[in-house]
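Please look through the structure shown here, and then work through the questions and answers that follow it, checking each step against what you see.

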Amino acid sequence: MSLLEVRGLNVVFDGFKAVTDLDFDVAEGELRFVIGPNGAGKTTLIDCITGRTRPASGSITFDGHEILGRKEHRIVRLGIGRTFQTSVVFEELTVGENLDLAASFRRPLPALLRRRRAYPDDVVRVLETTGLAGLVERKAGVLSHGQRQWLEIGMLLVQQPRLLLLDEPVAGMSRDERERTGQLLVEVAKTHTVVVIEHDMEFLRRFATVVTVLHEGRLLRQGSVADVQADPRVQEVYLGR
Ligand code: ADP
C-alpha cells in the first residue's frame, strides 16, 4: 500500500479545471519529483494534499486514512509537512531558535521560555542533518538563500513528519547549494517520504529516481528521468519550451 494515494482528483477554480482526474501514488520512503510547465497543477496538488484547497471530487488517503476534507492543522498533525515558495523563517530569531520554535509544535512549553538552555536533542540532530550546526546562533535574516532553505527543511524535520512536500527547494540556488540540497534530500528520504516539485533537469538527472510529469492538470507521464526525457510528449510540452 502506498503511504499517499490520490484518486480521481478534480479541482475547479471558477469554472477553470486546474486538475483533472489525477491519480498520484507515493510509496513510503520514496523521494518523488513532480515536474511540469507553469500552471500544470503541481502546487494545486500539494494544496489539496495539505487541506489548503478543497477539490471538487476525488479521494486522498494518507496511511490508509481519508484526509480529504480535514482541516489544514489536522493534516499537519497526521504527519504531513510542507514548504512554500515563499520563506516562512522568523528573521529576527537565530537558526537554533527557529528550529526550537518549530519543534515546540509538539511540546507543551513554548520553546522561547527555555532560551539560553541547551537545545533539545531533536533540534541538535536536525542542526547536524541540515549542516546548520555552525550557524546555530546566527539570525535567520542574514542567512544566504541556500541556508534559509535548509533551515526551512529543518523546521519541517523537527516536527517529525512522515511525508514532506517541498515546493521548488532549489530555485535560485547556486550550483554548490543545489548539490548540497540534493544530498540533504537523499539523506532525509532514508527516514521520510519526500515529494519535491522541481524544474531543474540537471538536478533531476542527478537525484531523481521516479519523476511524475503533470501538464494542464493531468498526469502526462511517470517514470525514470531517462524515460520521461525520451517521451516526445514531455519534450513538446515541457523540455522543448
Ligand atoms: P503549477 O504549480 O504547476 O505552476 P498551479 O497548481 O499553481 O500550477 O496552478 C494550476 C492552474 O490553476 C493555473 O492555471 C493557475 O492559474 C490556476 N489556479 C491556481 N490557484 C488558483 C486559484 N486560487 N484561483 C484560480 N485559479 C487558480
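Q: Which residues is Val-158 in contact with, once its neighbours within four places in sequence are left aside?
A: This is a predicted model, so each contact is a computed one. A contact here requires that the two C-beta atoms, placed from the backbone, lie within 7 Å. With the neighbours within four places in sequence left aside, the residues in contact with Val-158 are Leu-99, Ala-102, Ala-103, Asp-122, Val-123 and Val-126.

Q: Which strands run parallel to S8, joined to it by bridges?
A: Strands of a sheet pair through backbone hydrogen bonds, either parallel or antiparallel. One parallel partner, covering residues 31–35, is joined to S8 by 4 bridges, and in this pairing Phe-33 stands opposite Val-196. The other, covering residues 163–167, is joined to S8 by 5 bridges; there Leu-164 has Val-194 as its bridge partner, while Asp-167 stands opposite Ile-197. The strands asked for are S3 and S7.

Q: Which are the edge strands of the open sheet formed by 6 strands?
A: The order of strands in this open sheet is S6-S7-S8-S3-S9-S10, and the pairing is mixed. An edge strand pairs on one side only, and this applies to the strand at 80–82 and the strand at 218–223, namely S6 and S10.

Q: At about what angle to S8 does helix H6 run?
A: Helix H6, made of residues 175–188, lies across S3, S7 and S8. Helix H1 also lies across these strands, together with S6 and strand S9 (210–215), and runs at about 150° to S7. For H6, the angle to S8 is about 150°.

Q: In the open sheet of 4 strands, which strands have a single partner strand?
A: This sheet has the order S2-S1-S4-S5, with antiparallel pairing. Two of its strands stand at the edges, so one side of each is left without a neighbour in the sheet, and these are S2 and S5 (65–66).

Q: Which element supplies the largest share of the shell around the ligand?
A: The residues around the ligand include Phe-13, Phe-16, Gly-36, Lys-42, Thr-43 and Thr-44, and the whole shell divides into 4 nonpolar, 6 polar and 1 charged. Strand S2 (16–26) and the helix at 42–49 each supply at least two residues of this shell. The largest share, 3 residues, comes from H1.

Terms used
Residues numbered from 1 in each chain as written. Predicted model: local features only at pLDDT ≥ 70, side-chain atom pairs only at ≥ 80, totals over all residues. Near = placed C-beta within 6 Å. Nonpolar A, V, L, I, M, F, W, Y, C, P; charged D, E, K, R; others polar. Pairing = 2+ DSSP bridges. Axes fitted to C-alpha atoms, helices over the stretch in contact; angles between N-to-C directions.
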